[in-house]
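Q: Hi! Could you walk me through this model?

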Amino acid sequence: MASTSNFTKNQNPNNPKSPIFISADSLHSILSHSSLIQHFHSSLPKLSPTIQTPIRQNYAVSPPSSLLLMPSWSSSPSLPYIGVKLVTSFPQNSSVNLPGIHASYVLFSSTNGQTLASMDGTVLTLYRTACVSGLASKILARNDSKVLVMIGAGNLATHLIKAHLAARPSLKRVIIWNRTMKKASDLAEHLSKHGDHNGVCFESNENLEEILQLGDIVSCATNSEVPLVRGGRLKVGAHLDLVGSYKHTMRECDDEAVKRGRVFVDNEAALVEAGELVGAFERGVIKEEDIAGNLVELIEGKKMGRRDDDEVTVFKSVGSGVVDLLAAQLMYEAM
């Protein structure tokens, strides 16, 4: 972590310091899923009330391309930052073998407005998204969870797997499913050969209905508009982690999963953005007041998490500028 003297120097308007650039490689070398999970656990309750996160701005650049601006800032002296995530969405990039999403995160001092750092926003988002899910599984999943089922094999899947393993060291088996099975098998092979996951078996399986019944934790990171997780297939006592959907047309699980489980969210935006929940409300499957709590309430103990080993828990996240800012803080102060 940065020393107090260095931090103070950064904030001194009479002694300005050039902004630093934090690359994707630097993020990977400094951040760990376990450290970010712990940072969220300790910081979210006391700092989230101090952070302002306006509605993100979305501009059509040249349809279908768009630019998104996501600002946030804190009034707390212990979090003296303004952060802005800038995201470009160019869906047509797939035709030229380029990612469709690119992002940068810029950090400013809220004391004097100086630019402090610019960092790879794509990698930062992968870490913070996965670690929110990891923190939720640390609170909601069974203590004896052994099997993680990962639905989806994109960039986020790798981080979700590592975050769940960090949160639940009891996990010994990871089964990966993807529509394109080669991606699932490639990811399983990569994780088997790389990283420090002693005693963990990584495998792929094309039979989704079968592996759903094995998962103590089922994590989903897809863009599916058709339910992939059938609630009736979930194991007794399972924890379902839903990450992929962010608009009304997207659904990773069916109504039975929502009805069968006690549902928690990362923040209230999930109630109006997540297709699984918005649809369930519209169809009368559950009501908004049936939502059991949010992540901060779980950390603080204001809402009870898992009540017994047979209960199915569901956690739906849509992300927020709050965790962006906290992740950027941890990264910047570690430089």
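Q: How many of the eight residues of helix α10 are buried?

A: Seven of the eight residues of α10 (residues 275–282) are buried, so this helix is largely enclosed by the rest of the structure. Buried means under 20% relative accessible area, exposed over 50% and partly exposed in between, with a 1.4 Å probe and protein chains only. Helices are DSSP runs of H or I with at least four residues, strands are runs of E with at least two, and both are numbered from the N terminus.

Q: Before we go on, what should I know about the source?

A: This is a predicted model: local features need pLDDT of at least 70 and side-chain atom pairs count only at pLDDT 80 or more, while totals for chains, interfaces and linings use all residues. Residues are numbered from 1 along each chain as its sequence is written, and side-chain values use heavy atoms, with hydrogens and water left out.

Q: Thanks! What do the buried residues of α10 pack against?

A: They pack against β12, α8 (255–260), β13, α9 (270–273) and β15. Contact means heavy atoms within 4.5 Å. Among the buried residues are Glu276, Leu277 and Phe281.

Q: And which glycine follows α10?

A: Glycine 284 follows α10, and its phi is positive, near 75°.

Q: On to the sheet. What is the order of its eight strands?

A: The open sheet runs β10-β9-β8-β11-β12-β15-β13-β14, with parallel pairing. Two strands pair if DSSP finds at least two bridges between them.

Q: Which strands stand at the edges?

A: β10 (201–204) and β14 (293–294) do; each has a single partner strand, so one side of each is left without a neighbour in the sheet.

Q: How many bridges link β13 and β15?

A: β13 (residues 262–265) and β15 (residues 313–316) pair in the parallel sense over four bridges. Valine 263 stands opposite valine 314 in β15.

Q: New topic: at what angle do α4 and α12 pack?

A: Helix α4 (residues 121–140) and helix α12 (residues 321–334) pack at about 110°, with their axes 10 Å apart. That makes α4 roughly perpendicular to α12, a label for angles of 65 to 115 degrees. Axes are lines fitted to C-alpha atoms, for helices over the stretch in contact, and angles run from 0 to 180 degrees between N-to-C directions.

Q: Which residues make that contact?

A: Leu124, Thr125, Arg128 and Val132 of α4 meet Val323, Asp324, Ala327 and Ala328 of α12.

Q: Last one: where is asparagine 97, and is it buried or exposed?

A: Asparagine 97 is in the loop between β5 (81–89) and β6 (101–109). This asparagine 97 is exposed, with a relative accessible area of 72%.

Notes:
Angles under 35 degrees count as roughly parallel, over 145 as roughly antiparallel, 65 to 115 as roughly perpendicular and the rest as oblique.
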